[in-house]
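Reader: I've got a model open on my screen and I'd like to learn how to read it. Could you walk me through it, feature by feature?

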Amino acid sequence: IITEGLDHTLYKPSSKKNDNPNILYVGRLKRFKGVHLLIEAIKYVVKKVPNVRLDIVGRGDPNYEIELKQQVKHLKLEDVITFHGYVKEEEKIQFMQGAHLLVLPSQREGFGLVVIETNACGTPVVATNVLGLKDAVVDGETGLLVPYGNLEALTEAILKILKEDELRKEFSLNALKWSKKFNWEKSAKEFMDILTHIV
């Protein structure tokens, strides 16, 4: 398997994280992505971390987006959760750099490139232990993996990283190192090696 790469001149850490504990979701708004589970988890997270904020970046199914916004309103989390819709790459990178944690509660993924992009910005990840994501997250080193649909495990993983500063710093450094393994030069060489072998 030859993985995708990324441009490390663009995806890199900034000098400072956001002032408030900041959770980030980046991706399409589709039910299988589990954004509703993340919102439900925030209901419990905010009780332990009152100044937490969640930024949701991306668009998708209009009906699902409406459902998510109604869920936020029903849970009275309008001051905690912000929907940003589609953003340009530069702004997406700023979100990744400023966040303390990326959360991807998907039911399935192809490959979690957004995980590697966020890791390259020095940000750890909580994700579900499913194909694609478990290939992108080194569990216990660059973040934490949880079973899909397990709200308690998702909430506990988010709280663990947000509340344990030293652990978060360790995960952030590990995530940055891990991301360096994903670059287009390496991917191109691996692809060329295969072609050469076949010829």
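This is a predicted model: local features need pLDDT of at least 70, side-chain atom pairs count only at pLDDT 80 or more; totals for chains, interfaces and linings use all residues.

Reader: Which residues have the most contacts inside the largest nonpolar core?

Author: The general idea is that in soluble globular proteins, nonpolar side chains tend to be buried together. Here the largest nonpolar core has 62 residues, and those with the most contacts inside it are Ile 39, Ile 42, Leu 77, Ile 81 and Ile 158. Helix H1, residues 35-48, gives the most to this core, with eight residues.

Reader: Okay, now the sheet. In what order do the strands come?

Author: Strands of a sheet pair through backbone hydrogen bonds, either parallel or antiparallel. In this model six strands form an open sheet, the order is S3-S2-S1-S4-S5-S6, and the pairing is parallel. S3 (81-85) and S6 stand at the edges with a single partner strand each, so one side of each has no neighbour in the sheet. From one strand to the next, the twist averages 20°.

Reader: How many bridges join S1 to S4?

Author: Two bridges join them, and the strands run parallel. You can find one partner pair by eye: Ile 23 has Leu 101 in S4 as its bridge partner. Going on across the sheet, S4 (residues 101-104) and S5 (residues 125-128) pair in the parallel sense over three bridges. Val 103 stands opposite Val 126 in S5, and Leu 102 has Val 125 in S5 as its bridge partner. S5 and S6 are also paired in the parallel sense, over four bridges. Val 126 turns up again there, with Leu 144 as its bridge partner in S6.

Reader: And the faces of a strand? Are the residues of S4 buried or exposed?

Author: In a regular strand the side chains alternate between the two faces of the sheet. For S4, both faces are covered: Leu 101 and Val 103 on one side, Leu 102 and Leu 104 on the other, all buried.

Reader: At what angle do H4 and H7 pack?

Author: H4 (residues 113-120) and H7 (residues 165-179) pack at an angle of about 115°, and their axes are 7 Å apart. The contact is made by Ile 116, Asn 119 and Ala 120 of H4, with Ala 175, Leu 176, Trp 178 and Ser 179 of H7. Five of the residues in this contact are nonpolar, two are polar and none is charged. H4 passes H7 in a left-handed crossing.

Reader: Last one: loops. Why does Tyr 148 count as partly exposed?

Author: Tyr 148 counts as partly exposed because its relative accessibility is 33%, which falls between the cut-offs of 20% and 50%. Tyr 148 is in the loop between S6 (143-146) and helix H6 (151-163). Asn 150 has its place in the loop between S6 and H6 as well, and at 31% relative accessibility Asn 150 is also partly exposed.

Reader: What does Tyr 148 contact beyond its neighbours in sequence?

Author: Leaving aside residues within four places, Tyr 148 is in contact with Leu 37, Pro 105, Ser 106, Gln 107, Thr 128 and Val 130. Now hop to Ser 106, in the loop between S4 and H4. Ser 106 counts as buried because its relative accessibility is 0%. Apart from neighbours within four places in sequence, Ser 106 is in contact with Phe 32, Lys 33, Thr 128, Val 130, Leu 133 and Tyr 148.

How values were computed:
Residues are numbered from 1 along each chain as its sequence is written. Side-chain values use heavy atoms; hydrogens and water are left out. A nonpolar core is a set of buried Ala, Val, Leu, Ile, Met, Phe, Trp, Tyr and Cys residues joined through side-chain atoms within 4.5 Å. Buried means under 20% relative accessible area, exposed over 50%, partly exposed in between (1.4 Å probe, protein chains only). Axes are lines fitted to C-alpha atoms, for helices over the stretch in contact, and angles run from 0 to 180 degrees between N-to-C directions. A crossing is left-handed if the near helix is turned anticlockwise from the far one by less than a right angle, and right-handed if clockwise. Contact means heavy atoms within 4.5 Å. Ala, Val, Leu, Ile, Met, Phe, Trp, Tyr, Cys and Pro count as nonpolar, Asp, Glu, Lys and Arg as charged, and the others, Gly among them, as polar. Two strands pair if DSSP finds at least two bridges between them.
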